[in-house]
Every structure is written in structure tokens, then in C-alpha cells.
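Take your time with each one before reading on.

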Amino acid sequence: MTTVSPDETTTATVGADSALSVRHLWKIFGRGGDKIIGTPDAELSRAELKEKTGCVVGVRDVSFEVPPGEVFVVMGLSGSGKSTLVRCLTRLIEPTDGDVVIDGEDVTKASDSQLRELRRNHTSMVFQHFGLLPHRQVIDNVAYGLEIRGVGKKERRAKAAEVVELVGLSGYERSYPDQLSGGMQQRVGLARALAGDPSLLLFDEPFSALDPLIRRDMQNEVIRLHEELGKTMVFITHDLAEALKLGDRILIMRDGEVVQIGTPDQIIGAPADEYVRDFTSEVPRSHVLTLKWVMHEPNGDAGDGPVLQSDQIVRDAARVVLDHHGPCRVMEGDKLVGVVDDEDILRVVVAEEEATA
Ligand SMILES: Nc1ncnc2c1ncn2[C@@H]1O[C@H](COP(=O)(O)OP(=O)(O)OP(=O)(O)O)[C@@H](O)[C@H]1O
């Protein structure tokens with residue numbers, strides 16, 4: 001039986017249509033870091049370079065494109081360079097080399113005033129530490145960015161009231177931050193980020209300090225807001241489950257470098273190397289893989305079994321397949337691309353049982 005390989009080239013639109021384009025981005029901390037790029041020293045590992053020059057590679061030659069409306073997750077363990085990368089995007093940290101283009105504007109070449117304009121009007125950042133102003137009520141915390149932009153009081157309060165409602169905080173407009181739980185404070189952080197109607201939302205580990213249940217609520221909130229508003233999001237996390245849940249695509253970083261960029265099913269179905277394979281080994285595969293990863297080619301006639309779509313998650317399709325006791329047809333649109341039967345499903349489930357045993 002041949003397994004049909006999914007098309008691994010389904011990635012983002014490249015180039016001018018991107019909401020965010022990052023090309024050959026480097027950040028080397030330390031004196032003389034800028035002189036290292038392009039020399040043989042740039043090939044040294046992070047540890048070797050530190051030993052030889054005292055400089056630390058935060059981000060090494062990172063490139064990716066994010067099309068409008070995508071949730072792009074950057075995932076890696078502590079020290080992998082995630083925070084440095086996200087801060088380089090708006091030059092909160094000055095990149096050593098490379099280009100960042102947001103909405104067609106070259107951030108790396110922007111003047112101070114262009115940069116201020118970009119940070120105020122095009123991007124918003126949500127941090128782990130909410131950074132709320134303690135002496136201001138929720139409504140004025142949310143309106144703060146608009147106030148800085150010079151928006152009049154009436155208009156900014158009206159906009160703030162709208163986003164407060166959007167993030168589920170109606171009734172708390174007059175509360176002060178210390179009267180709210182951590183989850184609610186982070187909702188204020190979200191509302192504040194949304195108030196300026198940015199085209200790009202940047203999240204730097206926003207939920208890491210929250211209790212697991214609140215964290216789950218907030219992740220669902222991000223999914224809901226994304227469905228409702230369709231904003232482009234770059235989300236930083238060290239949590240693989242969070243990455244798989246939120247990301248349309250995921251960039252996995254290690255030691256400042258890109259290890260793999262792919263959709264959740266590509267990361268789980270075709271890990272780029274042993275590191276990613278190990279990292280993802282305990283993920284329940286049936287919750288992430290789609291039928292295109294488990295189907296096989298029909299032996300002759302595909303039969304007249306139930307019709308399923310190739311991008312359906314295995315777990316969601318399992319009941320139909322197991323109830324049918326025969327091959328089910330897997331389609332991409334109205335084109336037959338394979339068949340899937342009990343054995344295909346059980347193979348995935350048994351493999352995940354073994355991985356977590
Ligand atoms: N200002 C700095 N000076 C020198 N080295 C730095 C500086 N900031 C970060 N680094 C180093 O750059 C590397 C990447 O750090 P970064 O904080 O971006 O990683 P991270 O993946 O966000 O980790 P964490 O999840 O722990 O925040 C680390 O080795 C870190 O020690």
C-alpha cells in the first residue's frame with residue numbers, strides 16, 4: 001500500500017502581498033556584532049561565536065512571509081530568540097542586518113518619525129506583563145493609545161467602549177486594573193491593542209503567566225477575535241500545544257535559527273529534523289494530522305463509500321470511517337485524491353498511544 005504524500009509546498013504567498021515580510025534578519029548582541037555577518041565567523045555556532053568574540057547571536061538569518069489575515073506563531077524554548085525576533089520587527093530592538101517590511105513599508109529603513117507612525121497606527125503589541133496604567137480605569141487604559149495619537153476624548157471613549165465590549169469586559173469600564181483578575185487584565189491588554197485598529201498584532205508570550213484554565217479561555221478568545229476581525233497576528237510562545245492550537249503556520253526556532261516553518265499538520269507529519277520530531281513526539285497525532293497524511297491510493301475502484309475532505313482532522317473523521325467498515329473516499333474539492341479505511345485511522349491512534357505510553 002502506498003501512502004500519498006501531502007503537498008508540502010502549500011505555504012504563504014511570497015512577496016509584495018505580504019502583511020509582514022522578514023528577509024535575512026540578524027541580531028547579534030555585543031560590540032562589533034555588525035562586522036561578523038558575511039564573514040566565516042557568522043557560520044560559527046552560538047556557543048563558538050560567544051567564546052571567540054564575546055558576541056551573542058539572538059537571531060540568525062531568519063526569513064519568512066506572513067500573508068494578510070494569517071496567525072503566524074513563532075515557537076521555541078527559552079533562549080531560542082523569539083523575543084528578540086518579535087522586538088526586531090518594530091525595531092524595539094535594532095536588527096543588526098536584514099529587512100522587515102510591514103504593509104509594504106520597509107521598517108528597517110524608516111526614519112524615527114516614520115517608525116513612530118508605524119508603531120502607533122499599524123502595529124500593536126500584547127505583552128505577558130500587561131503594562132496597564134494602575135491609576136486609570138479600564139476604559140481609559142484601553143483609550144490610552146488613541147489619546148497619544150491625539151484622538152479627542154469623546155471619540156476615543158466611544159472606540160474604547162466598542163473594543164471593551166468586543167473582548168467581553170462590558171460592565172468593567174470603570175474598574176481599575178487591580179480590581180481585575182489576571183485573565184481580565186489581559187483582556188484589557190487585548191482591548192488596548194485592538195483600539196487603534198492595527199493591521200498587525202504582535203503577541204509576546206501574552207498568556208504564559210496565566211493559570212491553565214484562564215489561559216485556555218484567552219486562547220479561545222484570540223481564535224474568536226481572529227475569526228471576527230481577520231487581523232494578521234504574530235504570536236510568540238514556548239508552548240507547542242498553544243502553537244498548534246492558534247497557528248495557521250508555525251515557525252520553530254532554536255539557537256536563533258529557523259528549524260522549520262509549516263502548518264501544524266506539516267510540523268507533526270513531516271518534522272524537519274530529529275529536534276522537531278522529538279519536540280512533537282507527544283502530540284496526539286490524530287488531533288493535528290489531516291486525512292491527506294493518512295490516506296492511501298485506491299486499489300482500482302475507490303468504491304462508493306462516504307466522501308470526506310483531505311483537510312479534515314483525523315480525529316474528526318474517525319467516527320465516519322470506523323462506522324463504514326470499508327474505504328471512504330477522500331476528496332480535494334471534487335477531485336478524488338485517495339481513500340481512507342479503518343486501518344489508516346487505527347495506525348495513527350496506535351502510534352500516538354505508543355508515543356505517550
Ligand atoms: N541584550 C542582550 N544582550 C546580550 N544577549 C542577549 C540580550 N538579549 C537577549 N540575549 C540573548 O539572545 C538569545 C535569545 O534571547 P531571547 O530572549 O530572544 O530568547 P527567547 O526565545 O525569547 O527566550 P525566553 O522565552 O526565555 O524569553 C539568548 O541567548 C539571550 O541570552
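Two strands count as paired if DSSP finds at least two bridges between them. Keep in mind that this is a predicted model.

Q: How many bridges join strand E1 to strand E4?
A: Let's start with E1, which covers residues 20-29, and E4, which covers residues 97-102. The two run antiparallel, and serine 21 stands opposite valine 101 in E4. The number of bridges joining E1 to E4 is five.

Q: In which order do the four strands of the open sheet stand?
A: The pairing in this sheet is antiparallel. E2 and strand E5 (105-106) each have a single partner strand, so they stand at the edges, and one side of each is left without a neighbour in the sheet. The order is E2-E1-E4-E5.

Q: At about what angle does H3 run to E2?
A: Helix H3 spans 82-89 and strand E2 spans 56-66. H3 lies across E1, E2 and E4. Its angle to E2 is about 60°.

Q: Which element gives the most to the shell around the ligand?
A: The ligand is surrounded by residues including Phe29, Val56, Gly58, Lys82, Ser83, Thr84 and His238. Strand E2 and helix H3 each supply at least two residues of this shell. With three residues, the one that gives the most is H3.

Q: How far apart do the C-alpha centres of domain 1 and domain 2 lie?
A: The chain is divided into domain 1 (68-279) and domain 2 (285-356). Their contact takes five residues from domain 1 and five residues from domain 2. The C-alpha centres lie apart by 36 Å.

Q: What percentage of residues 44-280 is helix?
A: An unreviewed UniProt entry places the feature "domain: ABC transporter" at residues 44-280. Over this stretch the end C-alpha atoms are 27 Å apart, and strand makes up 22%. The helix share is 43%.

Methods
Residues are numbered from 1 along each chain as its sequence is written. This is a predicted model: local features need pLDDT of at least 70, side-chain atom pairs count only at pLDDT 80 or more; totals for chains, interfaces and linings use all residues. Domain bounds come from an automatic or database domain assignment. Two residues are in contact if their C-beta atoms, placed from the backbone, lie within 7 Å. A residue is near a molecule or strand if its C-beta atom, placed from the backbone, lies within 6 Å of it. Axes are lines fitted to C-alpha atoms, for helices over the stretch in contact, and angles run from 0 to 180 degrees between N-to-C directions. UniProt positions are given in the numbering used here, feature names are shortened, and annotations may be inferred rather than shown by experiment.
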